[in-house]
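Subject: Handover of a structure and notes on it

Dear colleague,

Please find below the structure that I am handing over to you. My notes on it follow directly after.

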There are 2 protein chains.
Amino acid sequence: MILYPHTATSQEGGATMYQQAGSVGQDDHMTTPLYRRVADALRTEITSGGYTPGMDLPSERELQSRYDASRNTIRQALQTLVAEGLVVSSQGRPYQVRKQEIFTLNASRFEDLRYSTAEDGDSYDNDVLASGRIPRQDFQVQLVPAPPEIADRLWIEPGETVTLRYCLRFVDDVPWSTQATYYPRALVERHPRLAEPRDISEGTTRYLADHGVEQVGQRDEWMSRPPTPDEARALQIGPGVSVLVWTRTGHTRDRPVRCTLTTFRGDLNRITYDLGDLSALDGKDQS
Amino acid sequence: MILYPHTATSQEGGATMYQQAGSVGQDDHMTTPLYRRVADALRTEITSGGYTPGMDLPSERELQSRYDASRNTIRQALQTLVAEGLVVSSQGRPYQVRKQEIFTLNASRFEDLRYSTAEDGDSYDNDVLASGRIPRQDFQVQLVPAPPEIADRLWIEPGETVTLRYCLRFVDDVPWSTQATYYPRALVERHPRLAEPRDISEGTTRYLADHGVEQVGQRDEWMSRPPTPDEARALQIGPGVSVLVWTRTGHTRDRPVRCTLTTFRGDLNRITYDLGDLSALDGKDQS
DNA sequence: AAGTGGTCTAGACCACGTA
DNA sequence: ACGTGGTCTAGACCACTTC
């Protein structure tokens with residue numbers, strides 16, 4: 001198959017290799033580039049269901065002859081689809097239409113003790129289990145100097161030693177998010193289990209509440225950006241996929257007690273907040 | 001300058017053109033690709049302040065000789081920096097280090113009438129003006145069939161005619177976000193100013209509240225993804241920049257009354273939510 | 001006119017996955 | 001062994017911007 005610019009044009013008389021190229025997408029003024037027309041054609045096939053999630057795409061060499069384009073041009077087209085998140089690639093394996101399984105997190109209820117009991121345990125585990133999937137967390141505890149943006153939120157001096165509880169979280173064994181929680185030194189001294197390098201079964205929020213440190217409010221901040229090389233490795237994503245960064249600073253009535261930085265892949269997560277009076281939704285599906 | 005794989009290797013004895021290429025980054029096993037080493041070098045120069053925001057980078061041809069690489073390889077390196085959002089490019093102009101001016105939106109207060117008076121006007125204008133910038137909105141009103149995801153949130157049938165108030169928003173004349181608000185037909189019939197194709201000076205939330213339709217709660221949903229071609233055009237962003245998509249469904253005590261879809265560039269916006277009791281912050285900077 | 005990035009070709013070698 | 005994607009080269013023409 002050959003993609004013509006706007007109206008069909010003849011392919012004959014391709015003189016030099018560059019003239020021939022031009023007759024399809026280069027000489028003609030104001031025509032959309034060939035790589036984009038190829039990307040559009042493939043995108044249409046994917047979204048219209050011609051290629052379904054999990055299915056392999058034709059190989060680059062195959063597409064090359066199918067669209068009468070050079071391999072670089074085909075690669076540029078595929079690269080576009082990867083950046084759009086429609087397609088994944090890995091060395092040695094064909095391009096694949098990506099599976100879109102989306103996970104929803106209700107941030108306004110997350111860590112809210114009214115929605116859980118002491119037996120329930122960790123907020124994250126609960127949310128994942130509730131959606132019928134299997135959670136896993138790899139824990140790690142470190143003592144680190146507070147980065148400026150953390151110190152600012154915790155009302156401490158930059159560089160002061162803080163306890164960092166870091167974990168890499170999995171959903172059905174797929175790396176899903178990283179989470180780093182910073183606690184001020186004074187708090188950890190009074191509540192030493194925060195420094196234990198393993199999960200706290202009833203959840204840290206509950207542990208602190210049971211010992212008189214009640215987190216009554218939190219400020220959340222969200223941003224989205226391309227993954228750093230570190231994040232790309234930890235979350236096993238390519239540069240075309242953006243990450244959502246969630247910063248939650250928890251407060252008691254007097255002061256901030258912790259700051260949690262979570263990163264997700266931006267395309268496979270939905271975050272919801274319920275604000276005000278949503279009693280209208282009570283009878284409805286809470287999705 | 002030449003970037004050697006791990007330790008410096010001799011350049012002599014480049015036989016064929018491919019061998020020569022190999023001696024820098026191809027023959028050697030387990031070395032990071034040349035394009036990535038070039039990208040890393042440039043990224044370091046940018047983040048360490050060698051190239052400051054707004055400054056031009058050397059041209060592709062210049063970098064080509066500087067790093068002894070082909071133009072395609074240099075382009076691949078620059079392409080990754082564009083995808084990371086560090087650099088912008090446009091035809092005919094040199095690559096430029098991107099300016100990072102960030103805008104913060106407090107979503108938990110947005111449209112909350114407790115934080116404004118009848119004279120204040122539009123929520124968006126307020127938020128932008130409060131940060132010392134100049135807002136502008138291009139308005140448009142259409143009657144459209146309700147898309148399924150909108151119908152679902154508004155408790156109406158897909159395809160039912162709804163009123164769509166669409167606007168493209170600017171901050172200091174830079175396209176910043178698009179916003180599309182859908183109102184069910186029955187509501188517009190009772191409150192006809194919703195169908196006027198211009199801004200409602202006191203804000204739609206206030207207009208409805210003054211006529212007995214009080215929005216007492218809202219459910220927000222967030223996601224992040226690569227821009228669609230339409231969004232890329234409207235927001236003037238490239239494919240390397242992700243967009244944040246905000247869906248807010250407003251409810252009265254009885255039912256949903258509107259659904260607003262907002263898209264921003266993900267890298268230049270911060271979204272905050274204040275939850276629970278944050279009286280601890282009262283004396284502090286509310287940034 | 002000269003310089004810059006955007007598109008495209010043709011062809012090479014390599015690393016990885018599968019069989 | 002073979003096919004797939006990943007990296008790289010050398011060189012061409014084009015469109016846009018600036019002078």
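In this predicted model, chain B can be laid on chain A by a rotation of 180° with 0.1 Å of shift along the axis, and the RMSD of that superposition is 0.1 Å. This is the relation of a two-fold axis. The two copies use the same surface to meet, since 100% of the contact residues of chain B recur in chain A.

The interface

As regards the extent of the contact, 44 residues of chain B and 44 residues of chain A take part. Between them, chain B and chain A bury about 3700 Å², and carbon and sulfur atoms account for 57% of this area. Three residues, B:Arg219, B:Tyr273 and B:Leu275, provide 18% of the area that chain B buries against chain A, which is more than any other three residues supply.

Polar interactions also cross this interface. There are 15 residue pairs in polar contact between chain B and chain A, counting pairs with both residues at pLDDT 80 or more. Four elements of chain B each supply at least two residues of the side that touches chain A: helix 4 (71–83), strand 7 (217–225), strand 8 (243–251) and strand 10 (269–276). Sorted by class, that side of chain B consists of 14 nonpolar, 17 polar and 13 charged residues.

Salt bridges

Over all chains, the whole structure holds 25 salt bridges, and 4 salt bridges are found across the interface of chain B and chain A. In one salt bridge, the side chains of A:Asp274 and B:Arg219 meet at 2.8 Å, N to O. A:Asp274 belongs to strand 10 of chain A and B:Arg219 to strand 7 of chain B, so this pair joins two chains. B:Arg219 is also one of the three residues named above for their share of the area that chain B buries.

Strand pairing between the chains

Strand 10 of chain A (residues 269–276) runs antiparallel to strand 7 of chain B, and the pairing extends over 6 bridges. Within it, A:Leu275 has B:Gln218 as its bridge partner in strand 7 of chain B.

The hairpins within each chain

In chain B, strand 1 (residues 87–90) and strand 2 (residues 93–97) pair in the antiparallel sense over 3 bridges, and B:Val88 has B:Gln96 as its bridge partner. These strands form a hairpin with 2 residues between them, where B:Gly92 takes a positive phi near 85°.

In chain A, strand 1 (residues 87–90) and strand 2 (residues 93–97) likewise pair in the antiparallel sense over 3 bridges. A:Val88 stands opposite A:Gln96 of strand 2. The hairpin of these strands in chain A has 2 residues between them, and A:Gly92 in the turn has a positive phi of about 85°.

Yours sincerely

Technical notes: Residues numbered from 1 in each chain as written. Chains lettered and ligands numbered in written order. Predicted model: local features only at pLDDT ≥ 70, side-chain atom pairs only at ≥ 80, totals over all residues. Heavy atoms only, no water. Least-squares fit on C-alpha atoms with pLDDT ≥ 70 in both. Contact = heavy atoms within 4.5 Å. Buried area = accessible area lost by both parts, 1.4 Å probe. Polar contact = N/O pair within 3.5 Å; in protein donor to acceptor, adjacent residues only side chain to side chain. Nonpolar A, V, L, I, M, F, W, Y, C, P; charged D, E, K, R; others polar. Pairing = 2+ DSSP bridges.
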